[in-house]
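Here is a short tour for anyone meeting this protein for the first time. Have a look at the fold, then read on.

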Amino acid sequence: MNVMIDNLDAIEPRETRQIELSNDNVEMLLFDFLQELIYFKDAKRLLLRTRETHIDQKGQAYFLKRKLPANDWNDTRHQQRADVKAVTLHGFSVEKYDGG
């Protein structure tokens with residue numbers, strides 16, 4: 001996976017943001033989650049860092065609920081490798097491996 005920031009350790013948790021999403025399609029749930037991360041970067045100038053993400057399934061719906069550490073964007077401390085503006089569906093997929 002490519003990263004947007006070269007020095008991930010520079011993202012120090014100074015606050016948290018709650019993200020709660022649901023969707024009937026697990027691929028679209030991940031799509032929505034990635035869009036949320038981009039929204040916080042662009043609109044709020046916050047970098048959110050997630051190491052693990054758990055998705056729960058209840059019936060036909062999938063749920064993602066995470067409290068993520070956040071850090072204000074700082075041009076000096078956060079060296080940007082690429083400025084991701086949107087998630088695209090081209091080549092986008094979620095696959096199950098060994099039950100996970």
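Let's start with how the chain meets itself: among contacts (heavy atoms within 4.5 Å) with a separation of 6 or more, 73% are between residues 24 or more positions apart. Keep in mind that this is a predicted model, where local features need pLDDT of at least 70 and side-chain atom pairs count only at pLDDT 80 or more, while totals for chains, interfaces and linings use all residues. Residues are numbered from 1 along each chain as its sequence is written, and side-chain values use heavy atoms, with hydrogens and water left out.

The protein has one helix and four strands, in the order β-α-β-β-β from the N terminus. Helices (H or I, at least four residues) and strands (E, at least two) are DSSP runs, numbered from the N terminus. Of the 100 residues, 26% are buried, meaning under 20% relative accessible area with a 1.4 Å probe and protein chains only; over 50% is exposed, and in between is partly exposed.

Now for the helix. H1 takes in residues 26-43, and its 18 residues reach 25 Å from first C-alpha to last, close to the 26 Å expected at 1.5 Å a residue; that expected span is 1.5 Å times one less than the number of residues. Just after H1, Arg45 has a positive phi of about 55°.

Which residues of H1 are buried? They are Leu29, Phe31, Phe33, Ile38, Phe40 and Lys41. Their cover includes strands E1 (15-23), E2 (46-48), E3 (55-58) and E4 (61-72).

Next, the rings. Rings of Phe, Tyr and Trp (its six-membered ring) pair if their centres lie within 6.5 Å; planes under 30 degrees apart are stacked, over 60 edge-to-face, and the rest tilted. That gives two aromatic pairs:

| Pair | Centre to centre | Angle between planes | Type |
|---|---|---|---|
| Phe31 and Phe92 | 6.0 Å | 80° | edge-to-face |
| Tyr39 and Phe40 | 5.5 Å | 70° | edge-to-face |

Phe31 in helix H1 and Phe92 in the segment after E4 are 61 residues apart, so this pair links distant parts of the chain. Both Phe31 and Phe92 are buried. In the other pair, Tyr39 is partly exposed, with a relative accessible area of 40%, whereas Phe40 counts as buried at 8%.
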